[in-house]
Amino acid sequence: MKICINIFWFKKDLRILDNEALLKAIKENNKLLMIFSYHELLKDNHYSDRHYNFINESLQDLNLYLKKFQTRIHFFDDNIISIIKKLKRKFDIEKVFSHTETGLEKSYKRDLKFKEYCNKNTIKWIEEINNGVFRGLKNRKNWISNWNNFMKKKIEVINPKIDDFIELNKNTFKEKKIKIISKSKFQRGGTTNALKYLDSFLESRINKYQNNISKPELSRFNCSRLSPYISWGNISTRYVWQRAKEQLSHGKSKFQVNGFTSRLRWQAHFIQKFEMESKMQFRSVNKGYRKLEKKVNKKFIKAWEKGETGYPLVDACMNCLVETGYLNFRMRAMIVSFLTHHLWQPWQEGVIFLANNFLDFEPGIHYSQFQMQAGETGINMIRIYNPTKNAKEHDSEGVFIKKWIPKLKEIPTPLIFEPWKLSEIDQETFNCKIGEDYPKPIVDISSTYKHAASQLWTIKNDPKVKLESKRILSKHTNSNRTAFDR
Ligand SMILES: Cc1cc2nc3c(=O)[nH]c(=O)nc-3n(C[C@H](O)[C@H](O)[C@H](O)COP(=O)(O)OP(=O)(O)OC[C@H]3O[C@@H](n4cnc5c(N)ncnc54)[C@H](O)[C@@H]3O)c2cc1C
């Protein structure tokens, strides 16, 4: 006779700590088999090797922890339905536990199919809410108080026993072997690392959080750097939020702590927006912007991707991102503005490249922010960033630029911010021939600024854009306007 088991399906919740779905699953009588499927990830062009490696590191970290319970997470290449079908040959499966996932269209369609499969096969699929993003909402009435209540809920510690789990015999099923790049240049995955980042942030790095959040170099130290851990679920935002709020009673500055916890709310806000309007993966959330005419220029896009625009801060950001997988918020906004305003390219032309390179790629935040920074929501301020002004303000000594564009390292400030203005003699003195060692600017930002501003302000007054703006405000904000959409 087949034994009756339950399944825990790990998705973007690669943690044990504050994993509500797992907590529920362990309380059941049936033994629990834990699985992870690579199927969609490996086939989707938003993801790249840096993501697989981070996931693999996270899974390895979990399996190391699970050793003491004589079990492990089983990895498969197949899609979820095929995995369950194969497992059903050996076991009776009563329930599957997981967290809801607000993902790309592919994962949404996968989940619909899986739901149908479970219904037909009398398997109960139990999904828990992840990070305060709710399913099936029609508007945001009560959203903030529900999110706050979710954050404040006491975290129940999971205390499993060896007997709670079942492990597959290694030769029974074809499992995926995972490889980890040992010399990875990126932040390393896993809850163990997430906790190290959180501890060091709350202990001291937070003291200058708000002061350095916009600076490309110092933000790398004074921001939490928790984003990949939150995106892949190595740590829950609730755990982070509770630990951060505790700091207030230890004398930490309200300004710093609350500035940080408000960003945790933005995390859920943007994912909630995507949950309720998933078509924004393909078109601007404000349908009125379909009228905006932008001609694709492959040369511009290549120059932007390769950090060869001739604008030092833009190029330094692109080089840094490709090498390290991280940029702070303001620099992300600036490179998107450069692509969509100064180069006048459709946001769709940059969205995959950045998704591939952001180690923390999170569809709901990424698509919402991309369109917001491109100025295509109709409800936000139009911000056309001047990369030279931003360099002078946020990298005033040129430290970040010199680090990521070594060809410019001998040029003193303030000349480094506008290298195209160097005289022939200066170019020789500083060992940097403009047009050879470092490119001339590919556009003139004073004229591209005027063009983008006039186009964006004109379309913002278009009746369809205005109508859509009203719809967006009533669907995605609490009342007329909230502080999130910044
Ligand atoms: C075009 C663009 C694309 C972006 N794509 C992503 C993405 O794919 N994944 C992602 O996690 N963030 C994205 N962001 C938001 C933000 O830039 C990063 O979350 C932040 O820089 C991560 O650094 P940190 O963890 O040190 O942040 P901290 O400042 O320490 O903030 C703590 C956490 O709050 C959340 N958070 C912070 N800022 C924002 C924000 N503006 N919107 C929503 N959540 C926020 C993140 O989970 C972050 O880890 C994007 C921003 C822009 C402008």
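Why does Asn 131 count as buried? With 25 C-beta neighbours inside 10 Å, Asn 131 meets the cut-off; a residue is buried if 20 or more other C-beta atoms lie within 10 Å of its own, exposed if 12 or fewer, and partly exposed in between, with C-beta atoms placed from the backbone.

1. Basis of the note. This is a predicted model, in which local features need pLDDT of at least 70 and side-chain atom pairs count only at pLDDT 80 or more, while totals for chains, interfaces and linings use all residues. Residues are numbered from 1 along each chain as its sequence is written.

2. Domains. The chain is assigned domain 1 (3-129), domain 2 (191-276) and domain 3 (281-475); such bounds come from an automatic or database domain assignment. Taken over C-alpha atoms, the centres of domain 1 and domain 2 are 27 Å apart. Eleven residues from domain 1 and 14 residues from domain 2 make up the contact, where two residues are in contact if their C-beta atoms, placed from the backbone, lie within 7 Å. On the side of domain 1 that touches domain 2 there are four nonpolar, two polar and five charged residues. Here Ala, Val, Leu, Ile, Met, Phe, Trp, Tyr, Cys and Pro count as nonpolar, Asp, Glu, Lys and Arg as charged, and the others, Gly among them, as polar.

3. Ligand. The ligand is surrounded by 26 residues, and the closest are Cys 223, Ser 224, Ser 227, Arg 263 and Gln 369; a residue is near a molecule if its C-beta atom, placed from the backbone, lies within 6 Å of it. Two or more residues of this shell come from each of helix H10 (227-231), helix H12 (254-276), helix H15 (329-342) and helix H17 (363-374). Helices (H or I, at least four residues) and strands (E, at least two) are DSSP runs, numbered from the N terminus. The shell holds 13 nonpolar, eight polar and five charged residues. Because domain 2 (191-276) and domain 3 (281-475) both give residues to the shell, the ligand lies between them.

4. Helix H17. The twelve residues of H17 should span 16 Å at 1.5 Å a residue, and its end C-alpha atoms are 16 Å apart, which agrees; the expected span is 1.5 Å times one less than the number of residues. Eleven of the twelve residues of H17 are buried, including His 366, Tyr 367 and Phe 370. The cover over the buried residues of H17 includes H12, H15 and helix H16 (348-357). Just after H17, Gly 375 has a positive phi of about 80 degrees.

5. Nonpolar core. The largest nonpolar core has 97 residues, of which Cys 317, Ile 335 and Ile 401 touch the most other members. A nonpolar core is a set of buried Ala, Val, Leu, Ile, Met, Phe, Trp, Tyr and Cys residues joined through C-beta atoms within 7 Å. Not counting residues up to four places away in sequence, Ile 401 touches Pro 312, Leu 313, Ala 316, Ala 391, Asp 395, Leu 408 and Ile 416.

6. Backbone points to check. Most residues other than glycine have a negative phi, and most peptide bonds are trans. Asn 131 is not a glycine, yet has a positive phi of about 55 degrees; Asn 131 sits in the loop between strand E5 (124-128) and helix H6 (143-152). Arg 225, also not a glycine, has a positive phi of about 65 degrees and lies in the loop between helix H9 (219-222) and H10. Arg 225 counts as buried because it has 20 C-beta neighbours inside 10 Å. The peptide bond from Thr 413 to Pro 414 is cis, with omega near 5 degrees, and Pro 414 is in the loop between helix H19 (399-404) and helix H20 (424-429).

7. Two further residues. Ile 352 is in helix H16 and counts as partly exposed, with 15 C-beta neighbours inside 10 Å. Its C-alpha atom is separated by 9.9 Å from that of His 366, 14 residues apart along the chain. Leaving out residues up to four places away in sequence, Ile 352 touches Asn 45 and His 46. Asn 19, in the loop between strand E1 (3-10) and helix H1 (20-26), is buried, with 24 other C-beta atoms within 10 Å. Again leaving out residues up to four places away, Asn 19 touches Asp 13 and Ile 158.
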